[in-house]
Amino acid sequence: MPGRPNRRSMLAAISALPLTGALSACSGDDSASTGSRSESSTSGTSGTAGSSGRTTITFWSAMRGSQAVVDEFNRTHDHIRVEYEQTPAGTQGYMKLSNAARAGNAPDIATIEYPQLPGFAIDGVTLDITSLMSDDLKRKLLPQSLAQTTFEKHTHAVPSDIEPMVMHYRKDLFDHYGFEVPGTWDEFAALARAVRRTGGGRRLTVFPTDSFTQFACWAWQAGAQWFDTSKGAWNVSLTDAPTRKIAAYWQRLIDEELVYVNSSTARIYDAQIGNGQVLTRLSGAWEAGAQLTKQPGQKGKWRIAPLPQWDAKRPSLGTHGGSSFAVTKDSRHPEAAMEFLEWQVASPDALKARLTSGVSSAYPAVTELVPVGREAFDEGYYGGQDIYGLFEEEAHKIGADWTWGPRMTATGTVIQDSFARAGAGAGTVLSSMHAAQDGTMPDLKALGLSTTQHST
(Lines give C-alpha, C1' and ligand atoms only; values in the text may rest on other atoms or scores of the structure.)
Protein backbone atom coordinates (compact mmCIF):
# COMPACT_ATOMS: atom_id res chain seq x y z
CA MET A 1 0.00 0.00 0.00
CA PRO A 2 1.57 3.35 -1.01
CA GLY A 3 2.63 5.60 1.81
CA ARG A 4 3.29 2.82 4.28
CA PRO A 5 6.81 1.99 5.53
CA ASN A 6 8.74 -1.12 4.61
CA ARG A 7 9.10 -3.47 7.58
CA ARG A 8 12.74 -4.17 6.79
CA SER A 9 13.56 -0.50 7.27
CA MET A 10 11.78 -0.45 10.64
CA LEU A 11 13.93 -3.00 12.42
CA ALA A 12 14.67 -1.03 15.52
CA ALA A 13 14.01 2.65 15.03
CA ILE A 14 10.65 2.13 13.29
CA SER A 15 11.55 5.44 11.69
CA ALA A 16 12.75 5.02 8.10
CA LEU A 17 9.79 5.34 5.78
CA PRO A 18 10.47 4.23 2.19
CA LEU A 19 7.26 4.24 0.22
CA THR A 20 6.77 0.52 -0.33
CA GLY A 21 3.99 -1.78 0.76
CA ALA A 22 4.16 -2.99 4.33
CA LEU A 23 0.84 -4.67 4.92
CA SER A 24 1.21 -7.45 2.38
CA ALA A 25 2.82 -10.10 4.57
CA CYS A 26 1.01 -9.92 7.89
CA SER A 27 1.02 -12.96 10.13
CA GLY A 28 -2.32 -14.73 10.18
CA ASP A 29 -2.36 -14.72 13.97
CA ASP A 30 -2.28 -10.93 14.21
CA SER A 31 -4.20 -9.80 11.18
CA ALA A 32 -6.74 -11.01 8.70
CA SER A 33 -7.12 -10.89 4.95
CA THR A 34 -7.61 -7.58 3.20
CA GLY A 35 -11.01 -6.07 3.80
CA SER A 36 -12.93 -3.68 1.56
CA ARG A 37 -14.07 -0.20 2.41
CA SER A 38 -17.67 -1.41 2.41
CA GLU A 39 -16.88 -3.73 5.32
CA SER A 40 -16.16 -0.78 7.60
CA SER A 41 -18.80 1.50 8.97
CA THR A 42 -18.78 5.17 8.06
CA SER A 43 -17.14 5.92 11.42
CA GLY A 44 -14.09 4.07 10.15
CA THR A 45 -13.29 6.68 7.46
CA SER A 46 -10.77 9.44 8.05
CA GLY A 47 -11.90 12.60 9.79
CA THR A 48 -13.38 15.52 7.85
CA ALA A 49 -14.17 19.16 8.40
CA GLY A 50 -17.94 19.61 8.32
CA SER A 51 -19.98 22.60 7.19
CA SER A 52 -20.25 23.72 10.81
CA GLY A 53 -16.52 24.36 10.88
CA ARG A 54 -15.91 21.54 13.35
CA THR A 55 -13.27 18.99 12.50
CA THR A 56 -14.64 15.46 12.78
CA ILE A 57 -12.35 12.63 13.85
CA THR A 58 -13.09 8.96 14.45
CA PHE A 59 -12.14 6.87 17.46
CA TRP A 60 -12.25 3.08 17.86
CA SER A 61 -11.89 1.45 21.24
CA ALA A 62 -12.99 -1.53 23.31
CA MET A 63 -12.27 0.28 26.57
CA ARG A 64 -15.23 0.63 28.89
CA GLY A 65 -16.36 4.20 29.39
CA SER A 66 -15.08 5.45 26.03
CA GLN A 67 -18.51 6.61 24.91
CA ALA A 68 -18.87 8.68 28.08
CA VAL A 69 -15.43 10.22 27.46
CA VAL A 70 -16.36 11.13 23.89
CA ASP A 71 -19.70 12.59 24.98
CA GLU A 72 -17.98 14.80 27.55
CA PHE A 73 -15.39 15.99 25.03
CA ASN A 74 -18.04 16.80 22.42
CA ARG A 75 -20.09 18.64 25.04
CA THR A 76 -17.20 20.86 26.05
CA HIS A 77 -15.35 21.38 22.75
CA ASP A 78 -16.79 23.30 19.80
CA HIS A 79 -14.05 22.95 17.19
CA ILE A 80 -13.58 19.16 17.18
CA ARG A 81 -16.21 16.44 17.10
CA VAL A 82 -15.31 12.85 17.91
CA GLU A 83 -17.31 9.97 16.46
CA TYR A 84 -16.90 6.82 18.54
CA GLU A 85 -17.24 3.18 17.54
CA GLN A 86 -16.97 0.39 20.10
CA THR A 87 -14.83 -2.46 18.77
CA PRO A 88 -14.37 -6.02 20.02
CA ALA A 89 -11.65 -6.58 22.60
CA GLY A 90 -8.52 -8.58 21.81
CA THR A 91 -7.77 -10.35 18.56
CA GLN A 92 -11.10 -9.57 16.88
CA GLY A 93 -10.64 -5.86 17.43
CA TYR A 94 -7.08 -5.93 16.14
CA MET A 95 -8.15 -7.84 13.02
CA LYS A 96 -10.77 -5.17 12.38
CA LEU A 97 -8.14 -2.44 12.67
CA SER A 98 -5.71 -4.29 10.37
CA ASN A 99 -8.41 -4.80 7.76
CA ALA A 100 -9.40 -1.13 7.88
CA ALA A 101 -5.75 -0.05 7.53
CA ARG A 102 -5.33 -2.24 4.45
CA ALA A 103 -8.40 -0.68 2.91
CA GLY A 104 -7.12 2.81 3.72
CA ASN A 105 -9.97 3.69 6.07
CA ALA A 106 -8.60 3.14 9.54
CA PRO A 107 -10.03 5.47 12.18
CA ASP A 108 -8.14 8.56 13.23
CA ILE A 109 -7.49 6.98 16.63
CA ALA A 110 -7.39 3.39 17.85
CA THR A 111 -6.79 1.82 21.24
CA ILE A 112 -3.87 -0.62 21.22
CA GLU A 113 -2.48 -2.57 24.17
CA TYR A 114 1.25 -2.35 24.78
CA PRO A 115 2.18 -5.87 23.59
CA GLN A 116 0.50 -5.31 20.22
CA LEU A 117 1.79 -1.78 19.56
CA PRO A 118 5.18 -2.67 18.00
CA GLY A 119 3.44 -4.87 15.44
CA PHE A 120 1.08 -2.10 14.34
CA ALA A 121 4.01 0.32 14.15
CA ILE A 122 5.98 -2.09 11.95
CA ASP A 123 2.91 -2.64 9.77
CA GLY A 124 2.75 1.10 9.19
CA VAL A 125 -0.66 1.46 10.83
CA THR A 126 0.37 3.94 13.51
CA LEU A 127 1.67 7.44 12.97
CA ASP A 128 4.95 8.62 14.50
CA ILE A 129 3.59 11.30 16.85
CA THR A 130 6.90 12.34 18.39
CA SER A 131 6.68 15.89 17.04
CA LEU A 132 2.93 16.16 17.72
CA MET A 133 3.03 15.35 21.43
CA SER A 134 3.30 18.44 23.60
CA ASP A 135 6.15 18.88 26.05
CA ASP A 136 3.54 19.46 28.75
CA LEU A 137 2.03 16.01 28.24
CA LYS A 138 5.46 14.38 28.13
CA ARG A 139 6.25 15.90 31.52
CA LYS A 140 2.99 14.62 32.99
CA LEU A 141 3.37 11.02 31.80
CA LEU A 142 5.09 8.48 34.00
CA PRO A 143 8.35 7.79 32.12
CA GLN A 144 7.80 4.03 32.32
CA SER A 145 4.52 4.41 30.45
CA LEU A 146 6.01 6.56 27.70
CA ALA A 147 8.77 3.97 27.30
CA GLN A 148 6.10 1.43 26.34
CA THR A 149 5.01 3.51 23.35
CA THR A 150 8.41 4.83 22.24
CA PHE A 151 10.81 2.88 20.05
CA GLU A 152 14.31 4.28 19.47
CA LYS A 153 13.08 7.79 20.42
CA HIS A 154 10.05 7.58 18.12
CA THR A 155 6.68 7.67 19.90
CA HIS A 156 3.80 5.80 18.27
CA ALA A 157 1.00 6.15 20.83
CA VAL A 158 -0.11 8.04 23.91
CA PRO A 159 -0.13 5.86 27.05
CA SER A 160 -3.44 5.59 28.86
CA ASP A 161 -2.57 3.52 31.94
CA ILE A 162 0.35 1.62 33.41
CA GLU A 163 -0.29 -1.45 35.56
CA PRO A 164 2.42 -2.47 38.06
CA MET A 165 2.05 -6.10 39.09
CA VAL A 166 1.13 -6.41 42.76
CA MET A 167 0.04 -9.16 45.15
CA HIS A 168 -3.61 -9.21 46.20
CA TYR A 169 -3.99 -11.41 49.29
CA ARG A 170 -6.70 -12.69 51.61
CA LYS A 171 -5.88 -10.89 54.83
CA ASP A 172 -8.52 -12.76 56.81
CA LEU A 173 -7.01 -16.13 55.91
CA PHE A 174 -3.46 -14.85 56.42
CA ASP A 175 -4.47 -13.71 59.91
CA HIS A 176 -6.32 -16.94 60.66
CA TYR A 177 -3.31 -19.12 59.84
CA GLY A 178 -0.68 -16.70 61.10
CA PHE A 179 0.88 -16.18 57.68
CA GLU A 180 3.11 -13.22 56.98
CA VAL A 181 3.14 -11.32 53.72
CA PRO A 182 6.17 -12.52 51.72
CA GLY A 183 8.67 -9.90 50.65
CA THR A 184 10.83 -12.18 48.51
CA TRP A 185 10.18 -15.03 46.12
CA ASP A 186 11.95 -17.45 48.46
CA GLU A 187 9.49 -16.44 51.18
CA PHE A 188 6.65 -16.84 48.71
CA ALA A 189 7.69 -20.44 47.98
CA ALA A 190 7.94 -21.20 51.70
CA LEU A 191 4.48 -19.72 52.21
CA ALA A 192 3.12 -21.85 49.36
CA ARG A 193 4.26 -24.96 51.23
CA ALA A 194 2.64 -23.72 54.44
CA VAL A 195 -0.66 -23.05 52.66
CA ARG A 196 -0.57 -26.53 51.15
CA ARG A 197 -0.28 -28.00 54.66
CA THR A 198 -3.49 -26.32 55.83
CA GLY A 199 -5.54 -28.86 53.88
CA GLY A 200 -8.93 -28.15 52.37
CA GLY A 201 -7.47 -27.92 48.88
CA ARG A 202 -6.02 -24.48 49.47
CA ARG A 203 -3.18 -23.15 47.34
CA LEU A 204 -1.29 -19.92 47.55
CA THR A 205 -1.94 -18.92 43.95
CA VAL A 206 -2.62 -20.08 40.39
CA PHE A 207 -0.12 -20.51 37.59
CA PRO A 208 -2.27 -19.16 34.74
CA THR A 209 -2.11 -21.20 31.56
CA ASP A 210 -3.94 -18.51 29.59
CA SER A 211 -1.87 -15.43 30.43
CA PHE A 212 1.45 -15.10 28.67
CA THR A 213 1.54 -11.47 29.82
CA GLN A 214 1.58 -12.58 33.46
CA PHE A 215 4.57 -14.85 32.87
CA ALA A 216 6.21 -12.07 30.85
CA CYS A 217 5.77 -9.75 33.80
CA TRP A 218 7.63 -12.16 36.10
CA ALA A 219 10.41 -12.53 33.53
CA TRP A 220 10.52 -8.74 33.08
CA GLN A 221 10.94 -8.30 36.83
CA ALA A 222 13.85 -10.76 36.85
CA GLY A 223 15.68 -8.82 34.14
CA ALA A 224 14.72 -10.79 31.04
CA GLN A 225 14.74 -9.17 27.61
CA TRP A 226 12.72 -11.33 25.26
CA PHE A 227 13.23 -8.88 22.41
CA ASP A 228 15.66 -6.08 21.76
CA THR A 229 16.44 -4.03 18.68
CA SER A 230 20.15 -3.39 19.05
CA LYS A 231 22.58 -3.67 16.14
CA GLY A 232 19.88 -3.19 13.53
CA ALA A 233 17.98 -6.42 14.11
CA TRP A 234 15.20 -7.92 16.17
CA ASN A 235 17.09 -10.09 18.65
CA VAL A 236 14.89 -12.80 20.18
CA SER A 237 15.71 -14.44 23.49
CA LEU A 238 12.64 -16.04 25.05
CA THR A 239 14.82 -18.48 26.98
CA ASP A 240 17.44 -16.13 28.38
CA ALA A 241 18.93 -16.72 31.84
CA PRO A 242 16.31 -14.67 33.78
CA THR A 243 13.48 -16.45 31.95
CA ARG A 244 15.00 -19.85 32.67
CA LYS A 245 15.22 -18.81 36.34
CA ILE A 246 11.52 -17.91 36.39
CA ALA A 247 10.56 -21.08 34.53
CA ALA A 248 12.50 -23.26 37.00
CA TYR A 249 10.94 -21.45 39.97
CA TRP A 250 7.36 -21.99 38.83
CA GLN A 251 8.09 -25.51 37.66
CA ARG A 252 9.13 -26.43 41.21
CA LEU A 253 5.91 -25.01 42.60
CA ILE A 254 3.93 -26.92 39.99
CA ASP A 255 5.80 -30.19 40.55
CA GLU A 256 5.28 -29.95 44.32
CA GLU A 257 1.56 -29.22 43.73
CA LEU A 258 1.85 -25.97 45.64
CA VAL A 259 -0.11 -23.97 43.08
CA TYR A 260 -3.11 -24.61 40.89
CA VAL A 261 -2.42 -24.79 37.17
CA ASN A 262 -5.41 -23.63 35.15
CA SER A 263 -6.94 -20.77 33.23
CA SER A 264 -7.40 -17.48 35.06
CA THR A 265 -10.48 -16.60 33.02
CA ALA A 266 -12.43 -19.83 33.42
CA ARG A 267 -15.19 -20.54 35.92
CA ILE A 268 -12.87 -22.79 37.90
CA TYR A 269 -10.72 -19.79 38.76
CA ASP A 270 -13.71 -17.75 39.92
CA ALA A 271 -14.69 -20.71 42.13
CA GLN A 272 -11.17 -20.99 43.54
CA ILE A 273 -11.24 -17.32 44.49
CA GLY A 274 -14.83 -17.36 45.69
CA ASN A 275 -14.35 -20.43 47.91
CA GLY A 276 -11.15 -19.18 49.50
CA GLN A 277 -9.07 -21.94 47.91
CA VAL A 278 -6.62 -19.40 46.50
CA LEU A 279 -5.02 -16.93 48.89
CA THR A 280 -3.24 -14.59 46.49
CA ARG A 281 -3.69 -13.12 43.03
CA LEU A 282 -0.61 -11.81 41.23
CA SER A 283 -1.78 -9.26 38.72
CA GLY A 284 -1.83 -5.65 37.63
CA ALA A 285 -3.33 -2.78 39.57
CA TRP A 286 -6.42 -2.94 37.35
CA GLU A 287 -7.57 -6.18 38.97
CA ALA A 288 -8.56 -4.50 42.21
CA GLY A 289 -11.59 -3.08 40.40
CA ALA A 290 -12.27 -6.34 38.59
CA GLN A 291 -12.19 -8.26 41.88
CA LEU A 292 -14.61 -5.83 43.50
CA THR A 293 -17.05 -6.35 40.65
CA LYS A 294 -16.72 -10.15 40.49
CA GLN A 295 -16.66 -10.93 44.22
CA PRO A 296 -18.59 -8.17 46.03
CA GLY A 297 -19.27 -10.54 48.93
CA GLN A 298 -15.56 -10.63 49.82
CA LYS A 299 -15.45 -6.96 50.76
CA GLY A 300 -12.97 -6.30 53.55
CA LYS A 301 -11.21 -9.66 53.19
CA TRP A 302 -8.56 -8.59 50.70
CA ARG A 303 -5.49 -6.36 50.88
CA ILE A 304 -2.78 -5.51 48.37
CA ALA A 305 0.98 -5.77 48.93
CA PRO A 306 4.03 -5.24 46.73
CA LEU A 307 4.98 -8.15 44.53
CA PRO A 308 7.72 -10.32 46.08
CA GLN A 309 11.22 -9.40 44.92
CA TRP A 310 14.29 -11.36 43.94
CA ASP A 311 16.53 -8.71 45.45
CA ALA A 312 14.79 -6.55 48.05
CA LYS A 313 17.61 -3.99 47.84
CA ARG A 314 17.06 -3.52 44.11
CA PRO A 315 13.30 -3.79 43.58
CA SER A 316 11.97 -4.06 40.06
CA LEU A 317 8.66 -4.80 38.37
CA GLY A 318 6.97 -5.30 35.05
CA THR A 319 3.63 -3.92 33.95
CA HIS A 320 0.77 -6.40 33.72
CA GLY A 321 -1.69 -4.72 31.42
CA GLY A 322 -2.09 -1.25 30.03
CA SER A 323 -3.36 0.41 26.87
CA SER A 324 -2.40 3.25 24.58
CA PHE A 325 -4.08 5.46 22.01
CA ALA A 326 -2.51 5.59 18.56
CA VAL A 327 -3.14 8.06 15.76
CA THR A 328 -3.24 6.09 12.52
CA LYS A 329 -1.52 6.83 9.21
CA ASP A 330 -4.97 7.23 7.63
CA SER A 331 -5.84 10.22 9.81
CA ARG A 332 -6.33 13.43 7.83
CA HIS A 333 -6.42 15.47 11.03
CA PRO A 334 -3.60 14.21 13.29
CA GLU A 335 -3.37 17.52 15.15
CA ALA A 336 -7.04 17.37 16.09
CA ALA A 337 -6.64 13.71 17.03
CA MET A 338 -3.75 14.59 19.32
CA GLU A 339 -5.72 17.39 20.94
CA PHE A 340 -8.46 14.91 21.83
CA LEU A 341 -5.95 12.34 23.05
CA GLU A 342 -4.09 14.77 25.28
CA TRP A 343 -7.41 15.77 26.84
CA GLN A 344 -8.49 12.14 27.18
CA VAL A 345 -5.38 10.98 29.04
CA ALA A 346 -4.63 14.11 31.09
CA SER A 347 -7.93 15.79 31.92
CA PRO A 348 -9.63 15.03 35.26
CA ASP A 349 -12.96 15.53 33.50
CA ALA A 350 -12.12 12.78 31.04
CA LEU A 351 -11.31 10.27 33.76
CA LYS A 352 -14.38 11.25 35.75
CA ALA A 353 -16.50 10.61 32.67
CA ARG A 354 -14.89 7.21 32.09
CA LEU A 355 -15.48 6.18 35.69
CA THR A 356 -19.23 6.82 35.41
CA SER A 357 -19.39 3.62 33.37
CA GLY A 358 -18.19 1.30 36.12
CA VAL A 359 -15.63 0.44 38.76
CA SER A 360 -12.00 0.75 37.74
CA SER A 361 -8.65 0.71 39.51
CA ALA A 362 -6.50 1.19 36.41
CA TYR A 363 -3.47 3.28 37.30
CA PRO A 364 -3.34 6.37 35.05
CA ALA A 365 -0.20 7.08 33.07
CA VAL A 366 -0.68 10.75 34.00
CA THR A 367 -0.16 10.46 37.73
CA GLU A 368 -1.86 13.81 38.41
CA LEU A 369 -5.12 11.92 37.88
CA VAL A 370 -4.54 9.53 40.78
CA PRO A 371 -6.76 11.59 43.16
CA VAL A 372 -9.66 11.21 40.70
CA GLY A 373 -9.29 7.44 40.64
CA ARG A 374 -8.86 7.26 44.40
CA GLU A 375 -12.00 9.27 45.07
CA ALA A 376 -14.12 7.09 42.80
CA PHE A 377 -12.92 3.74 44.17
CA ASP A 378 -14.57 2.11 47.19
CA GLU A 379 -11.48 1.46 49.30
CA GLY A 380 -13.67 -0.26 51.87
CA TYR A 381 -13.36 -3.37 49.72
CA TYR A 382 -9.69 -3.46 50.67
CA GLY A 383 -10.32 -2.58 54.29
CA GLY A 384 -9.75 1.13 53.77
CA GLN A 385 -6.27 0.58 52.35
CA ASP A 386 -4.91 3.37 50.16
CA ILE A 387 -4.33 1.11 47.18
CA TYR A 388 -3.53 4.01 44.87
CA GLY A 389 -0.73 5.08 47.18
CA LEU A 390 0.71 1.58 46.87
CA PHE A 391 0.28 1.58 43.09
CA GLU A 392 2.11 4.89 42.89
CA GLU A 393 5.08 3.50 44.81
CA GLU A 394 5.16 0.34 42.72
CA ALA A 395 4.78 2.04 39.34
CA HIS A 396 8.15 3.72 39.77
CA LYS A 397 9.78 0.28 40.08
CA ILE A 398 8.76 -0.76 36.56
CA GLY A 399 11.79 -1.39 34.37
CA ALA A 400 11.81 0.85 31.31
CA ASP A 401 13.98 -1.35 29.07
CA TRP A 402 11.44 -4.04 28.16
CA THR A 403 10.48 -4.38 24.48
CA TRP A 404 7.52 -6.38 23.21
CA GLY A 405 7.96 -8.33 20.01
CA PRO A 406 6.56 -7.61 16.55
CA ARG A 407 3.97 -10.40 16.72
CA MET A 408 3.08 -10.86 20.38
CA THR A 409 -0.40 -12.24 19.74
CA ALA A 410 1.08 -15.13 17.79
CA THR A 411 3.97 -15.58 20.23
CA GLY A 412 1.59 -15.47 23.18
CA THR A 413 -0.71 -18.06 21.62
CA VAL A 414 2.17 -20.53 21.36
CA ILE A 415 3.14 -19.87 24.98
CA GLN A 416 -0.37 -20.35 26.30
CA ASP A 417 -1.07 -23.47 24.27
CA SER A 418 2.18 -24.95 25.56
CA PHE A 419 1.42 -23.91 29.14
CA ALA A 420 -1.93 -25.70 28.91
CA ARG A 421 -0.21 -28.88 27.73
CA ALA A 422 2.43 -28.55 30.44
CA GLY A 423 -0.32 -28.23 33.02
CA ALA A 424 -1.64 -31.56 31.81
CA GLY A 425 1.79 -33.14 32.17
CA ALA A 426 2.95 -32.84 28.57
CA GLY A 427 5.99 -30.60 28.77
CA THR A 428 7.32 -27.99 31.16
CA VAL A 429 7.28 -24.25 31.61
CA LEU A 430 10.72 -24.01 30.02
CA SER A 431 9.84 -26.23 27.08
CA SER A 432 6.90 -23.90 26.48
CA MET A 433 9.28 -20.98 26.12
CA HIS A 434 11.50 -22.95 23.75
CA ALA A 435 8.41 -23.71 21.67
CA ALA A 436 7.48 -20.04 21.67
CA GLN A 437 10.90 -19.01 20.39
CA ASP A 438 10.81 -21.69 17.70
CA GLY A 439 7.35 -20.54 16.68
CA THR A 440 8.23 -16.85 16.68
CA MET A 441 11.26 -16.87 14.40
CA PRO A 442 9.49 -17.93 11.16
CA ASP A 443 6.88 -15.22 11.74
CA LEU A 444 9.51 -12.50 12.02
CA LYS A 445 11.45 -13.73 9.01
CA ALA A 446 8.23 -13.79 6.98
CA LEU A 447 7.86 -10.11 7.80
CA GLY A 448 11.23 -9.42 6.16
CA LEU A 449 12.84 -8.48 9.46
CA SER A 450 16.52 -9.01 10.17
CA THR A 451 16.61 -11.32 13.19
CA THR A 452 18.91 -13.10 15.58
CA GLN A 453 18.07 -15.55 18.37
CA HIS A 454 19.85 -16.24 21.61
CA SER A 455 19.45 -18.25 24.80
CA THR A 456 21.43 -15.83 26.99
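**Entry one, the cores.** I reminded myself that this is a predicted model. I looked up the largest nonpolar core and found 79 residues in it. Phe215, Trp218, Trp226 and Trp250 have the most contacts inside that core. I then picked Trp218 and listed its contacts, leaving out residues up to four places away in sequence: Met165, Trp185, Phe207, Pro208, Ile246, Trp250, Leu282 and Leu307. Another core, of 34 residues, lies apart from the largest one, and its members include Ile80 and Leu369. My background note reads that nonpolar side chains tend to be buried together in soluble globular proteins.

**Entry two, the cavities.** Which helix gives the most to its lining? That is helix 11, with four residues. Helix 10 (267-274) also supplies at least two. Among the lining residues I noted Tyr269, Asp270, Glu287 and Lys294. By class, the lining has three nonpolar, two polar and three charged residues.

Glu152 has a positive phi of about 50 degrees and sits in the loop between strand 5 and strand 6. Glu257, in the loop between helix 9 and strand 12, has a positive phi near 55 degrees. Are they buried or partly exposed? Glu152 is partly exposed because its relative accessible area is 44%, between the 20% and 50% cut-offs. Glu257, at 46%, also counts as partly exposed.

Key: Residues are numbered from 1 along each chain as its sequence is written. This is a predicted model: local features need pLDDT of at least 70, side-chain atom pairs count only at pLDDT 80 or more; totals for chains, interfaces and linings use all residues. Side-chain values use heavy atoms; hydrogens and water are left out. On a 1 Å grid over the protein atoms alone, a cavity is a set of points where a 1.4 Å probe fits but cannot get out, and a pocket is an open set with protein on both sides within 12 Å along at least five of seven lines; lining residues have an atom within 4 Å of a point. Ala, Val, Leu, Ile, Met, Phe, Trp, Tyr, Cys and Pro count as nonpolar, Asp, Glu, Lys and Arg as charged, and the others, Gly among them, as polar. A nonpolar core is a set of buried Ala, Val, Leu, Ile, Met, Phe, Trp, Tyr and Cys residues joined through side-chain atoms within 4.5 Å. Buried means under 20% relative accessible area, exposed over 50%, partly exposed in between (1.4 Å probe, protein chains only). Contact means heavy atoms within 4.5 Å.
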